[in-house]
Amino acid sequence: MSDESGALTPDERRLVLALRGVPPSPLRDLYTTLVMELTDFVASPTCSEMQADGAPCNATDASCDQCRKLESLLEGLRSRLHAG
């Protein structure tokens, strides 16, 4: 996450530079949309099993299965990318 001055962390900088390096194309558009939607979801996953301290989620209008399915999907995607 950015620091209080608004400066990007090394991971944020790497992500921005990587996105800028992808040539314009329908694939880039799809990638950008997916990253934005994932970011929105991860920032507010809306878990129905919210604990008293607000963890793991800050809202209660969705199922934890939603997070588990997304974690599984992302891990599967990562595995396929690293395998090939």
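**View 1. Overall fold of the protein.** Three helices and zero strands make up the secondary structure. The model is predicted. Along the sequence, the order of elements reads α-α-α. The protein has 84 residues, and 12% of them count as buried. Contacts between residues at least 6 apart in sequence include 11% that join residues at least 24 apart.

**View 2. Surface of the protein.** The accessible surface amounts to about 6,900 Å². Carbon and sulfur atoms account for 59% of that area.

**View 3. Helix 3 from end to end.** Helix 3 covers residues 64–83, 20 residues in total. At 1.5 Å a residue, helix 3 should span 28 Å.

**View 4. Buried side of helix 3.** Cys64, Cys67 and Leu70 are the buried residues of helix 3. These residues sit on the same side of helix 3, because they cover an arc of only 120 degrees around the axis. The general rule is that an α-helix has 3.6 residues a turn, so residues three or four places apart point the same way. Helix 2 (26–43) is included in what covers the buried residues of helix 3.

**View 5. Exposed face of helix 3.** Which exposed residues does the face turned away from the buried side of helix 3 carry? They are Lys69, Ser72, Leu73, Arg80 and Ala83.

How values were computed:
Residues are numbered from 1 along each chain as its sequence is written. This is a predicted model: local features need pLDDT of at least 70, side-chain atom pairs count only at pLDDT 80 or more; totals for chains, interfaces and linings use all residues. Side-chain values use heavy atoms; hydrogens and water are left out. Helices (H or I, at least four residues) and strands (E, at least two) are DSSP runs, numbered from the N terminus. The expected span of a helix is 1.5 Å times one less than its number of residues. Buried means under 20% relative accessible area, exposed over 50%, partly exposed in between (1.4 Å probe, protein chains only). The arc is that of the directions from the helix axis to the C-beta atoms. Contact means heavy atoms within 4.5 Å. Accessible areas come from the Shrake-Rupley method with a 1.4 Å probe; for residues, only the protein chains shown count as cover.
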